[in-house]
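Trainee: Before I look at individual side chains, could you take me through this model one question at a time?

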Amino acid sequence: MLSLIEKLEKNHGLSLDEYKYLIDNRTDAAAEELAARAVKVRREIYGNAVFTRGLIEISNICKNDCVYCGIRRSNTNCDRYRLTPQEISDCVDEGYSLGFRTFVLQGGEDGYFSDDVICGIVREIKKKYPDCAVTLSLGERSYESYKRMYDAGADRYLLRHETADKAHYGKLHPAEMSFDNRMECLKNLREIGYQVGCGFMVGSPYQTSAELAHDLKFIEEFKPDMCGIGPFVPHKDTPFAAEAQGTVELTCYLLSIIRLIHPPVLLPATTALGTIHPLGRELGIKAGANVVMPNLSPVAVRKKYELYDNKICTGEESAQCRSCLDNRMKSIGYEIVIDRGDIKKEARDNV
Ligand code: SAH
């Protein structure tokens with residue numbers, strides 16, 4: 001096991017069988033070894049800085065029907081909303097004054113948010129706050145659409161691949177959604193020039209170490225700028241309501257592995273991780289993550305953007321979220337910095 005961990009750190013990659021072995025034979029000792037090395041390489045690149053992104057959940061209206069997701073179109077119990085451009089702009093103003101220098105606009109695939117509407121919002125943010133980065137997370141769109149939003153000033157795009165195994169993808173999504181199209185979208189985003197984030201849920205239904213090995217191989221090859229991984233958490237109004245949730249333990253183990261595969265990657269300790277354990281985000285940072293994404297959405301809609309049950313921070317003001325996270329990160333020896341938090345390119349080019 002130790003030699004495999006050393007090999008991973010040195011080569012930034014392993015074979016599919018080796019990844020599978022690393023997962024199947026994991027022990028507390030292996031997890032500690034991986035975390036220690038992950039924290040060390042991250043420190044060499046980013047010191048003790050933790051980057052922060054203000055997450056604005058712009059709409060829970062979605063044309064898709066992802067089986068795991070609480071805002072899937074078939075969920076008739078979901079109380080739908082969309083923010084107006086003015087409300088989004090107000091969230092950004094508040095976020096800027098709280099020290100955020102990256103804003104993530106995330107939402108379901110809501111037809112209201114046409115290219116024109118998104119481009120208008122992006123242009124306004126970039127004009128008012130040229131020192132900020134804008135990240136979009138709006139699902140699958142055409143090459144032209146991604147290009148227009150990039151030309152309007154968007155810097156980054158988050159599109160989790162969800163699973164790198166085509167058959168597994170088919171079990172998590174309805175037949176009308178396509179694995180190939182999602183992968184094509186990621187390639188297009190990269191080609192256009194975005195900093196691109198992929199990612200997956202840990203412990204999603206039907207996932208085994210074989211599927212996870214494919215996810216790790218995909219990350220090794222794609223070398224994303226960002227990678228969002230968090231535990232699957234069942235939502236009561238989905239067909240996966242009775243499925244088991246992912247674990248903190250495996251999520252943290254994979255965070256450490258991903259840090260070693262691609263040292264400069266921007267890796268969030270996700271809200272889902274914070275939801276299944278009171279110190280989930282701290283544990284994620286200690287395993288090698290270096291980003292937190294507190295919620296900047298208006299309090300009135302937070303509860304409605306419920307991708308999974310019991311999501312945290314749905315009742316708190318943005319300022320409370322910000323200072324709470326500041327304190328949490330300080331308590332474990334890290335510091336949230338006021339910075340766009342771009343990937344360290346020099347480091348990326350050297351690996
Ligand atoms: N519509 C956008 C944004 C999706 S929401 C898109 O398609 O990219 C962001 C992420 O939340 C998803 O990519 C998914 O990985 C995660 N998610 C959805 N349902 C979840 C659940 N039940 N448990 C944990 N994570 C979930």
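Trainee: Leaving aside its neighbours within four places in sequence, which residues is Ser318 in contact with?

Mentor: A caution comes before the answer: this is a predicted model, in which local features need pLDDT of at least 70 and side-chain atom pairs count only at pLDDT 80 or more, while totals for chains, interfaces and linings use all residues. Residues are numbered from 1 along each chain as its sequence is written, and side-chain values use heavy atoms, with hydrogens and water left out. Ser318 lies in helix α14, residues 318-331 (helices are DSSP runs of H or I with at least four residues, strands are runs of E with at least two, and both are numbered from the N terminus). Taking contact to mean heavy atoms within 4.5 Å, and leaving out neighbours within four places in sequence, its partners are Glu94, Leu98, Asn295, Leu296, Ser297 and Arg302.

Trainee: Is Ser318 buried or exposed?

Mentor: The classes rest on relative accessible area, with buried meaning under 20%, exposed over 50% and partly exposed in between, for a 1.4 Å probe and protein chains only. Ser318 has a relative accessible area of 4%, and that value makes Ser318 buried.

Trainee: Where is Ile332 found, and how far are the C-alpha atoms of Ile332 and Ile285 separated?

Mentor: Ile332 is in the loop between α14 and β9, the latter being residues 335-336. With neighbours within four places in sequence set aside, Ile332 is in contact with Glu282, Ile285 and Lys286. Ile285 is 47 residues away from Ile332 along the chain, yet their C-alpha atoms are separated by 8.9 Å.

Trainee: Which residues have the most contacts inside the largest nonpolar core?

Mentor: A nonpolar core is a set of buried Ala, Val, Leu, Ile, Met, Phe, Trp, Tyr and Cys residues joined through side-chain atoms within 4.5 Å, and the largest one here has 101 residues. Its largest share, ten residues, comes from α10. A second, separate core of eleven residues includes Phe51, Leu158, Met226 and Met293. Inside the largest core, the residues with the most contacts are Leu136, Tyr194, Leu254 and Ile257.

Trainee: What does Ile257 touch, not counting residues up to four places away in sequence?

Mentor: As a general background, nonpolar side chains tend to be buried together in soluble globular proteins. With residues up to four places away in sequence not counted, Ile257 touches Leu8, Tyr19, Leu22, Leu34 and Leu216.

Trainee: Which residue has a C-alpha 7.0 Å from that of Val104?

Mentor: Val104 lies in strand β3, residues 102-107, and is buried, with a relative accessible area of 1%. Among its contacts beyond four places in sequence are Arg53, Gly54, Leu55, Ile56, Leu158 and Met293. The residue 33 positions apart from Val104 in sequence and 7.0 Å apart in space, C-alpha to C-alpha, is Ser137.

Trainee: How far does a polar side-chain atom of Glu162 lie from an oxygen atom of the ligand?

Mentor: There are 17 residues around the ligand, and Tyr68, Gly107, Arg160, Glu162 and Val233 come nearest, where a residue counts as near if one of its heavy atoms lies within 4 Å. A backbone N or O atom of Gly107 lies 3.0 Å from a nitrogen atom of the ligand, and an N or O atom in the side chain of Arg182 is 3.2 Å from an oxygen atom of the ligand. For Glu162, the distance from a polar side-chain atom to an oxygen atom of the ligand is 2.6 Å.

Trainee: What is the phi of Tyr206?

Mentor: Most residues other than glycine have a negative phi. Tyr206 lies in the loop between β6 (195-202) and α9 and is partly exposed, with a relative accessible area of 48%. Although Tyr206 is not a glycine, its phi is positive, at about 70°.

Notes
A polar contact is a pair of N or O atoms within 3.5 Å; within protein, one must be able to donate a hydrogen and the other to accept it, and residues adjacent in sequence count only if both atoms are side-chain atoms.
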